[in-house]
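Welcome! Here is a short tour for someone meeting this chain for the first time. Take a look at the structure, and then we will walk through it together.

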Amino acid sequence: MDSPTFAGKNSSTTRIVARSSMMDWIRACGLAGVRIDKEELRRRLLMPQYLRLAMLDSIRKKDADGGDHRFRSRSSDGATIPESPMVVFINSRSGGRHGPVFDILDVKPHEFVRYGLACLEKWANNGDICAMETRRNIRVVVAGGDGTVGWVLGCLGELHQKGRDPVPPVAIIPLGTGNDLSRSYGWGGSFPFAWRSAIKKTLHKATTGPICRLDSWHLVVQMPGGEVIDPPHSLKATEECHLDQTLVIEGNVPDKVNCYEGVFYNYFSIGMDAQVAYGFHHLRNEKPYLAQGPISNKIIYSSYSCTQGWFLTPCMSDPSLRGLKNILRIYIKKVRCSEWEQIPVPKSVRAIVALNLHNYGSGRNPWGKLKPDYLEKRGFVEAHADDGLLEIFGLKQGWHASFVMVELITAKHIAQASSIRLEIRGGDWKDAFMQMDGEPWKQPMNREHSTFIEIKRVPYQSLMTSKE
């Protein structure tokens, strides 16, 4: 909320771009491009002090009227209206947990939306020209990983729901481990050591970059009552489940169900990859000294995946390491189609991913750049982040996943879908593992009743600022 020095394709089709780490470093350091004048940048970005203080007061008091005294007591002299007022959220816990000093937990994104922006809106309606122009032109920068960016985008989604236009577009300073959202919009996969010059260049680009659209996906989990999960931050308990009633549920439905819902922007997965991510996530929380940076995170992640049988599955007899075909049914709706269609689960697949972006697993493209004749043969279309479709693919085991991640081969293509329903049933399995946008959880399974996961596109799109 403080000043930017702090602390603190115009086309409707989004093109996904991945850049090398070296080029990211050069561009971010400002070595490729014009020199940026610090004072000029401050003039363009910095809100007048009375607005900043009024917003902060409203947020601290959790009351849109909390900053009213700042407006009444300000000087009668006209304040300079910034061209591109900027708000920066920073998560110092992302990646190696070595971010700058301002922590996003001090000013939560939903508090900014509900009280800070509401304060601006109130005084804009009261005739304050500076508040009106600031609210109209405000942009957001998120310094953190994909989870932090998703958190902010989700909170900004409240503006869509309540018709509080315009919705600020979001630019990214990559501080996480994977940073796939950041890569997708040209902001790179890491932030350079020479961060002072890189900050100036990023803020400059955040004010001038084109605005792109990003699909987001609503996920609902309906499970038999009595089962308990420890959901990730992005998954919230809800009293009712709104599954599509046009797809009839086979068998008996339990008298009581538990429901959770959330939103993801990059991917949802079920299977062995999520199991490894779940174990790594808990290992890092229990031993935070291991999380010393993106490189060490990836080394530990790879080592952990070896110990969990991801690479040794064919040698194991434990049912928990067998293919998903034993426990899973997949139903999809294709584009411009209202009917559900069941699709087969490949026998050899041990992880299934529904992907929105081209970037996955730190900048890899497992779906691949498919040729037009193959697309036509399979009934696919070229994938984009704003096309209303998810790409569904499978990973067989660790070795297959490794070759996919170094892009020697593509993943096993399963389908493209505008809606997805997954049905899982226990059998010999006690738990399934799932994750969305890097947040994993353990999903208990029941022998008697199925658990359903339904994914549909959110009716509005998020706005992203592209660096390219």
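## The sheet

An open sheet of 7 strands runs in the order β6-β7-β5-β17-β14-β9-β10, with antiparallel pairing. Strands here are DSSP runs of E with at least two residues, numbered from the N terminus, and two strands pair if DSSP finds at least two bridges between them. At the edges sit β6 (235-238) and β10 (341-343), each pairing on one side only. On average, neighbouring strands of this sheet are turned by 25° against each other, direction ignored; the axes are lines fitted to C-alpha atoms, with angles from 0 to 180 degrees between N-to-C directions.

Within the sheet, strand β5 (residues 217-224) and strand β17 (residues 451-457) run antiparallel and are joined by 6 bridges. Val 220 stands opposite Glu 454 in β17.

## The whole chain

The chain has 13 helices and 18 strands, where helices are DSSP runs of H or I with at least four residues. Of its 468 residues, 56% are buried, meaning under 20% relative accessible area with a 1.4 Å probe, protein chains only.

Residues are numbered from 1 along each chain as its sequence is written, and side-chain values use heavy atoms, leaving out hydrogens and water.

The chain's mean pLDDT (the predictor's confidence in each residue, from 0 to 100) is 80, and 78% of its residues reach 70 or more. Over residues 1-31 the pLDDT is below 50. Where pLDDT is low, the predicted coordinates should not be read in detail.

Notes
Contact = heavy atoms within 4.5 Å. Buried < 20%, exposed > 50% of the residue type's maximum accessible area, 1.4 Å probe, protein only.
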